[in-house]
Amino acid sequence: MQATNEVIPEGEIGSLTILIAEDEVLLRMAMSDHLRSSGFNVLECASGEETRKVMGVVGRVDVVVSDVHMQTPLEGLELAAWFGDRYPDIPVILVSGSPTIAANESWKALPNVTDFVPKPYEVERIEILARARAGARGASSK
């Protein structure tokens, strides 16, 4: 994936779909509500397993936002690796409140993980990154 500074303008994001994998329901709802009000199509998943099932149905999203530590057998780093194997051109943004993940930067080894955002975060930051990553994906696929 080739990085670019192109950002999708607000009026042009209505066809972009973001998948959110977050087991904390209030965080997932807040992020989803904000992104929907900003014009994104949003798919919500409470686990890595649910995310894989949803991808089996929809088959395509523009950006994935995933928590690193979910209370399920398939956590965020494994989910990001799964996306890398099956959907290598879909950017994955990881979020976590774990200082260990932020410090050791193990997420950088996953080729389609574009960003790590520590919790707590402002949902506007996720929106800005999602626009930028969707723009980079669109530019590299032209």
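What follows is a set of questions and answers about this predicted model.

Visitor: What share of the protein's 142 residues counts as buried?
Guide: The protein exposes about 7000 Å². Carbon and sulfur atoms supply 53% of that area. Buried means under 20% relative accessible area. Of the 142 residues, the share that counts as buried is 49%.

Visitor: Which element gives the most residues to the largest nonpolar core?
Guide: That core has 23 residues, and Leu19, Met55, Phe83 and Leu94 touch the most other members. At least two residues each come from β1 (17-21), α2, α3 (76-86), β4 (92-96) and β5 (113-118). With four residues, the element giving the most is α3.

Visitor: How many residues are in the second, separate core?
Guide: Leu16, Leu35, Val123 and Ile126 are included in this core.

Visitor: Which residues does Leu94 contact, leaving aside neighbours within four places in sequence?
Guide: Leu94 is among the residues that touch the most other members of the largest nonpolar core. Contact here means heavy atoms within 4.5 Å. The partners of Leu94 are Ser66, Val68, Gly76, Leu77, Ala80, Trp107, Val113, Asp115, Phe116 and Val117.

Visitor: What share of contacts with a separation of 6 or more comes from residues 24 or more positions apart?
Guide: Take the contacts in the protein with a separation of 6 or more.

Visitor: Is Asp62 buried or exposed?
Guide: Asp62 lies in the loop between α2 (48-58) and β3 (63-67). Its relative accessibility is 15%. The cut-off is under 20%, so Asp62 counts as buried.

Visitor: Which residue has its backbone nitrogen 2.7 Å from a polar atom of the Asp62 side chain?
Guide: The Asp62 side chain supplies one polar atom of this pair. A backbone nitrogen lies 2.7 Å from that atom. The nitrogen belongs to Thr17.

Visitor: How many residues apart are Glu22 and Lys119?
Guide: Glu22 forms a salt bridge with Lys119, with the closest N and O atoms 3.2 Å apart. Glu22 sits in the loop between β1 and α1 (25-37), and Lys119 in the loop between β5 and α5 (123-140). Glu22 is buried, at a relative accessible area of 1%. The pair links distant parts of the chain, and its separation is 97 residues.

Visitor: Which residues are linked with Glu22 in a network of salt bridges?
Guide: A search of the whole structure finds eight salt bridges. Glu22 belongs to a network of them. The residues linked with Glu22 are Glu24, Asp67 and Lys119.

Visitor: Which residue forms a salt bridge with Arg60?
Guide: Arg60 lies in the loop between α2 and β3, and the partner in the loop between α3 and β4, so the pair ties together parts 29 residues apart in sequence. Arg60 counts as partly exposed, at 35% relative accessibility. The closest N and O atoms are 2.9 Å apart, and the partner is Asp89.

Visitor: How far apart are the closest N and O atoms of Glu127 and Arg131?
Guide: These residues are four apart in helix α5, so about one helical turn separates them. Both Glu127 and Arg131 are buried. They form a salt bridge, and the closest N and O atoms are apart by 2.4 Å.

Notes:
Residues are numbered from 1 along each chain as its sequence is written. This is a predicted model: local features need pLDDT of at least 70, side-chain atom pairs count only at pLDDT 80 or more; totals for chains, interfaces and linings use all residues. Side-chain values use heavy atoms; hydrogens and water are left out. Buried means under 20% relative accessible area, exposed over 50%, partly exposed in between (1.4 Å probe, protein chains only). A polar contact is a pair of N or O atoms within 3.5 Å; within protein, one must be able to donate a hydrogen and the other to accept it, and residues adjacent in sequence count only if both atoms are side-chain atoms. A nonpolar core is a set of buried Ala, Val, Leu, Ile, Met, Phe, Trp, Tyr and Cys residues joined through side-chain atoms within 4.5 Å. Accessible areas come from the Shrake-Rupley method with a 1.4 Å probe; for residues, only the protein chains shown count as cover. A salt bridge is a side-chain nitrogen of Lys or Arg within 4 Å of a carboxyl oxygen of Asp or Glu.
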